[in-house]
Amino acid sequence: MKERRCVALIAGDGIGPEITEAVRRVIAASGAPIDWDERVAGLAAIEAGQPVLPEETVEAIRRHGVALKGPCTTPVGKGFQSVNVQLRKTLDLYAAVRPVRSLDGVATRFDGVDIVIVRENTEGLYSGIENRVAPGVVTSMKVATESACTRIARWAFRYARHRGRKRVTVFHKANIMKLTDGLFIECARRVHDAEFVDLAYDELIIDAGCMRMVQDPSRFDVLLLENLYGDVVSDLCAGLVGGLGVVPGSNIGDREAVFEAVHGSAPDIAGKGIANPLALLMSAVMMLNHLAETEGRIDLGEAAGRIKTAYNRALAEGRTTRDLGGDLGTLAFADAVAERL
Ligand code: NAI
């Protein structure tokens with residue numbers, strides 16, 4: 001009998017519970033021996049009378065080493081600090097990895113998009129250091145450290161080499177933020193020149209980079225971005241391949257890894273049973289592949305492969321949710337994938 005593997009599961013807010021249920025259905029149907037240790041965070045934690053990121057949730061992720069997470073709502077302009085930012089900082093999940101790929105069966109403006117975004121996840125303008133310095137005057141501190149900039153650059157180049165990728169491109173604004181973005185590109189250049197000269201490396205000022213991206217995404221391979229740029233460019237790139245419903249992600253540290261879709265809790269469609277669970281399902285596939293690579297779990301890698309084939313088949317046959325032009329609800333899409341396993 002195959003050894004079972006327990007992972008932490010945070011359903012999250014808004015569409016989170018609907019899409020996690022759909023993903024659990026597909027994983028169960030695939031026969032992957034995964035058990036879920038359900039934990040709360042975000043509004044769900046507050047409603048249960050707990051802190052927004054309960055210590056037990058963090059402990060569960062530490063214990064299992066791996067988590068699948070639904071989106072968590074963050075209030076705009078007031079209220080508690082983002083659970084996502086807290087979690088990434090607490091566990092030092094410094095690399096956000098977001099593969100953005102064209103899918104057969106999802107018609108978009110471009111074909112053959114195959115970009116991996118590597119986003120620095122722990123500093124930049126997400127330091128959360130904001131001050132009211134005088135009435136009507138506020139500041140926000142952008143933090144860049146040599147250690148974090150070097151660490152994420154090395155991670156991106158290593159990833160590129162390991163996956164047989166050819167080029168790493170940095171988007172920056174070092175013409176304006178000469179110190180912070182200047183340090184980011186200085187570290188990337190140094191790591192490239194010392195350890196990765198076999199890979200191509202280039203830099204683009206972010207505004208020009210975004211324009212080139214929407215003109216011809218095929219020129220990009222691995223993108224290395226500081227925190228805020230990575231957040232924004234992830235959604236831009238999602239738009240190239242069919243939207244937020246089809247882009248998965250992972251947040252990786254040296255000890256733990258948390259897998260989650262790029263999209264948020266989508267309050268506008270929450271509770272309607274129409275959200276696309278595919279991005280979270282793809283994140284779960286990334287999680288299974290991660291366990292296969294780091295723990296030698298060939299069985300989980302095989303299950304990941306079968307799930308990927310099944311969702312590609314469903315998409316090719318037009319069995320999709322509304323955001324992709326189909327008419328299936330969240331769970332009906334999960335069933336369509338499960339039937340094709
Ligand atoms: P969002 O990603 O939740 O939604 C943007 C648009 O995309 C909405 O129209 C939504 O309906 C649509 N959409 C998103 N996911 C979809 C899916 N799976 N299927 C079909 N349509 C989908 O971004 P928004 O509205 O800016 O943020 C809502 C909340 O989510 C905020 O509180 C934000 O802080 C939070 N958020 C959480 C993230 C996380 O937990 N990792 C990431 C991004 C946002």
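Let me start with Val-168, which is found in strand β8, residues 167-172; helices here are DSSP runs of H or I with at least four residues, strands are runs of E with at least two, and both are numbered from the N terminus. What we have is a predicted model, in which local features need pLDDT of at least 70 and side-chain atom pairs count only at pLDDT 80 or more, while totals for chains, interfaces and linings use all residues. Residues are numbered from 1 along each chain as its sequence is written, and side-chain values use heavy atoms, with hydrogens and water left out.

Is Val-168 buried or exposed? Val-168 counts as buried because its relative accessibility is 0%, where buried means under 20% relative accessible area, exposed over 50% and partly exposed in between, with a 1.4 Å probe and protein chains only. Leaving aside neighbours within four places in sequence, Val-168 is in contact with Ala-156, Phe-157, Ala-160, Ala-200, Tyr-201, Asp-202, Val-222 and Leu-224, and contact here means heavy atoms within 4.5 Å. For Phe-157, which is 11 residues away in sequence, the C-alpha to C-alpha separation from Val-168 is 7.0 Å.

Strands β8 and β10 pair in the parallel sense over three bridges, pairing being called when DSSP finds at least two bridges between two strands, and Val-168 stands opposite Val-222 in β10. In β10, residues 222-225, Val-222 and Leu-224 point one way and Leu-223 and Leu-225 the other, and all of them are buried. In a regular strand, the side chains alternate between the two faces of the sheet.

Strand β5 is itself mostly covered, with six of its seven residues buried. Strand β4 runs antiparallel to β5, and seven bridges join the two, among them the one in which Pro-99 has Val-116 as its partner in β5.

Asp-92 is partly exposed, because its relative accessible area is 27%, and its phi is near 55°, a positive value in a residue other than glycine.

Back at β8, Lys-173 has its place in the loop between β8 and α6 (180-195). Lys-173 is buried, because its relative accessible area is 18%, and, not counting residues up to four places away in sequence, Lys-173 touches Asp-181, Ile-205, Ile-206, Asp-207 and Tyr-229.

Val-7 lies 30 residues from Asp-37 in sequence, yet the two are 5.9 Å apart from C-alpha to C-alpha.

Now to the ligand. Which residues come nearest to the ligand? Of the 21 residues around the ligand, those are Cys-72, Thr-74, Gly-264, Ala-266 and Asp-268, a residue being near if one of its heavy atoms lies within 4 Å. Ala-266 lies in the loop between β12 (257-259) and α9 (278-295), and has a positive phi of about 40° although it is not a glycine.

As for individual atoms, a side-chain N or O atom of Lys-69 is 3.3 Å from an oxygen atom of the ligand, a polar side-chain atom of His-263 lies 3.3 Å from a ligand nitrogen, and a backbone N or O atom of Asn-276 lies 2.9 Å from a nitrogen atom of the ligand. The protein covers 69% of the 810 Å² of accessible area that the ligand has on its own, these areas coming from the Shrake-Rupley method with a 1.4 Å probe, and for residues only the protein chains shown count as cover.

Notes:
Polar contact = N/O pair within 3.5 Å; in protein donor to acceptor, adjacent residues only side chain to side chain.
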